[in-house]
Number of protein chains: 2
Amino acid sequence: MDLDLMRELSVKTDSKIILLILDGLGGLPMERGGNTELEAAETPNLDRMAAESDLGMSRPVAAGVSPGSGPGHLGLFGYDPLEFAVGRGVLSALGVGFEFGENDLAARINFATLDEDGKISDRRAGRIPSEKGEELVSLLDEKVSLDGTEVFIMHEKEYRAVVVFRAEGLSGDLSDTDPQRVGLEPLPVSPVDGSNGTEKRSADLANEFIKKANEILADEHPANTVLLRGFGMHPALPSFDEAYKLNAAAIAGYPMYKGLARLAGMELKKEGAGISGEIETLKASWEDHDFFFVHIKPTDAAGEDGDFERKREVIEEVDALLPEILSLGPDVLAITGDHGTPAKMKSHSWHGVPFMLRSEYTLPTGNSFGERACIAGSLGTFPAEEIMGLLMGHAMKLNRYGA
Amino acid sequence: MDLDLMRELSVKTDSKIILLILDGLGGLPMERGGNTELEAAETPNLDRMAAESDLGMSRPVAAGVSPGSGPGHLGLFGYDPLEFAVGRGVLSALGVGFEFGENDLAARINFATLDEDGKISDRRAGRIPSEKGEELVSLLDEKVSLDGTEVFIMHEKEYRAVVVFRAEGLSGDLSDTDPQRVGLEPLPVSPVDGSNGTEKRSADLANEFIKKANEILADEHPANTVLLRGFGMHPALPSFDEAYKLNAAAIAGYPMYKGLARLAGMELKKEGAGISGEIETLKASWEDHDFFFVHIKPTDAAGEDGDFERKREVIEEVDALLPEILSLGPDVLAITGDHGTPAKMKSHSWHGVPFMLRSEYTLPTGNSFGERACIAGSLGTFPAEEIMGLLMGHAMKLNRYGA
């Protein structure tokens, strides 16, 4: 999306937009001749909505390229994911609610196990429980100090945490320490491209942090070391308010997606439990915003597990809740995913993602919501970065371009 | 379109291309489950042509963005409408037949009414008739003079006119004086981005012009002032001859479209009355050109009026004339619009526009011309800027690229 164009043309109106993301929605048949998860699901409400909607296939990032959650969502929000690279560390920091600033350098921490030879024997420290992870984070937060640099350490979940270094003149162009295999020593943090002073200094800082953490954790087997990855600084994203003049709310259960939403300047809503809890939050927030990003995770989780049936069931659960969403009377409701996670592949995929948009101004082409219905839809196959333009246009929030 | 590529590959041949534009062709059903204007129209000739044509949906400018006539047509002619922004004033000047040069600065004039407090009470001066508009333009043209600058004032229609300032070192990056609402004072002309010497000088010139015009018009209530908008200089468009080696003719009834065609270096043909008059002109010019841009306005006008039936009837009128066009034996005939103007919306829209191209080298997919037939067509959904490449290819006017 051309964000300058959006900034120029967008106008504040009373119309309301919901972008409902079923993470990893896109699927594949498990066997030739079969249906995808979405096609196999019994979805009377989604199908009825399809008969009033524009359908198409949204393509993330680039042909053949499977996006992570970061690039997947940046694309949905209209930011070019190849231009705006956001480190995993930044997403984690934002996800736990850290007020990330422009002098901050973040990295994701995994607690891990070193054997007697200093080699990694478990990259996840036996998946220590969250209580233990929290305890270790408190210990590090209390004891680690670095000269001239503020250090913030926050627990995420189980063996996962995040560290933020705050000082003038840091750089996020640093390599990971996780060698991605057990039986190897952790790698030192190094500058990615050559080594100017800023990168060298930042790498030294991170390596000093690891050294001190190792001393503190020496007796904490299995969590006796930290692996750092996904270094990054704050990306210069224009906010939803700046780019689209939208007062956006985010309803999401997982830190990563909360972080992505916060990055776009959305207000995080405290969500209730499960999918129905999220819809309750949507209802409760309805009067206060004009854009709602609602993120549903279990479709992706089921796909990652290779569980076709569970993914189908999650889709059916969403279908059952659709009338409640529609009863709010959104001017625009779009339903899609950030990428495919076909159960057949047990991973994110590069395929097009079913996309459906309902407004007063659609040209319906069928009466079901599924991959093949979307392929034949009025929108064809289009880059995911165009979704925000479509939402804005259908919500009558864009002025005409030119005389 | 990559115009450098066109310039490199294009060759002069005897084949002839017609690009028939039904302005605002794209439509929507008035009610869910219904047909669009084009789908509802009885079009036996267009449908027969569809059975011999490539079909697709042409998308103007960007997702969700409704184009004005300027950007819409620039796209059809293969110019990127985001790169080549053309001010309304330039289009008006070209449209009335002014020989626009590179030192010329144009702005659109609206005659308007100032009340006793110097506030605008009518932005269109009570829609004075064309005779009165002409008389006032003559008065201004005779009496206004500016030091060191030639000034040309030309009447367009009713309360609308255009002014051109000719001098070395002018700039078109100037703001409008129309505050877009009554009850406010007109704004002064100001530089848009900061204020270098050129912009400052141009703004001063325009403000001086307005001051003198106000003195001359003082007793001409309701047309006692001028509002200026759409400032602009000549854009650096390569002509059709330069880009495509085409000797292009334009057959269009309205100043704006004549202006756009002239900008692309087309020769304006004097058109007969109505749609059938335009087709007569096409026949009369047939031997003299190898490219014909034929512009039909009433589809857009009916859409703007929200008149579904009238738009349908205009399409049927074109259908009835199609055999005459085909009898000329064009090597390539393409029919599309510059944007949608669905009667349902009473305005330009962002939707894809039905596109049909007939040549010896097509792969037909159906036997009707309508939005949903085009969605399922062999060309899919594609940017409007690609149309010229398709026309050139089908006319066998492009050399192979590379060995």
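User: In which sense do strand S2 (residues 53-59) of chain B and S13(B) pair, and over how many bridges?

Analyst: Start with the general idea: strands of a sheet pair through backbone hydrogen bonds, either parallel or antiparallel. Here S2(B) and S13(B) pair in the parallel sense, over 3 bridges. Two strands count as paired if DSSP finds at least two bridges between them; strands (E, at least two residues) and helices (H or I, at least four) are DSSP runs numbered from the N terminus. Within this pair, Arg59(B) stands opposite Pro383(B) of S13(B). Helix H14 (residues 387-394) of chain B packs on the sheet, touching S2, strand S1 (17-22), strand S11 (332-336) and strand S12 (353-358) of chain B. The direction of H14(B) makes about 155° with that of S11(B).

User: What should I keep in mind about the model and its labels?

Analyst: The model is predicted, so local features need pLDDT of at least 70 and side-chain atom pairs count only at pLDDT 80 or more, while totals for chains, interfaces and linings use all residues. Residues are numbered from 1 along each chain as its sequence is written, with chains lettered from A and ligands numbered from 1 in the order in which they are written.

User: In what order do the strands of the chain A sheet lie?

Analyst: The order is S9-S8-S10-S1-S11-S12-S2-S13 in chain A, an open sheet of 8 strands with mixed pairing. Strand S9 (267-268) and strand S13 (381-383) of chain A are the edges: each has a single partner strand, so one side of each lacks a neighbour in the sheet. Strand S8 (residues 248-251) and strand S10 (residues 291-296) of chain A run parallel, joined by 4 bridges, and Ile251(A) has Val294(A) in S10(A) as its bridge partner. Helix H12 (residues 308-326) of chain A packs on this sheet, touching S1 (17-22), S10 and S11 (332-336) of chain A, with its direction at about 170° to that of S1(A).

User: How do I read a pair of packed helices, say H5(A) and H9(A)?

Analyst: Two packed helices are described by the angle between their axes and the distance between the axes. Axes are lines fitted to C-alpha atoms, for helices over the stretch in contact, and angles run from 0 to 180 degrees between N-to-C directions. Helix H5 (residues 88-95) and helix H9 (residues 255-263) of chain A have axes that come within 7 Å and cross at roughly 95°. The two are therefore roughly perpendicular (65 to 115 degrees; under 35 is roughly parallel, over 145 roughly antiparallel, the rest oblique). Among the residues that meet are Leu91(A) and Leu94(A) of H5(A) and Met256(A) and Leu260(A) of H9(A); contact means C-beta atoms, placed from the backbone, within 7 Å.

User: At what angle do H10 and H12 of chain B cross?

Analyst: Helix H10 (residues 274-285) and helix H12 (residues 308-326) of chain B cross at roughly 15°, their axes coming within 10 Å. That makes H10(B) roughly parallel to H12(B). The contact includes Ile279(B) and Leu282(B) of H10(B) and Val318(B) and Leu321(B) of H12(B). Its residues divide into 6 nonpolar, 1 polar and 2 charged (Ala, Val, Leu, Ile, Met, Phe, Trp, Tyr, Cys and Pro are nonpolar, Asp, Glu, Lys and Arg charged, the others, Gly among them, polar).

User: How many residues of chain A are in contact with chain B?

Analyst: 23 residues of chain A are in contact with 29 residues of chain B. On the chain A side, H14(A) gives the most, with 5 residues. By class, that side has 12 nonpolar, 7 polar and 4 charged residues.

Methods:
Two residues are in contact if their C-beta atoms, placed from the backbone, lie within 7 Å.
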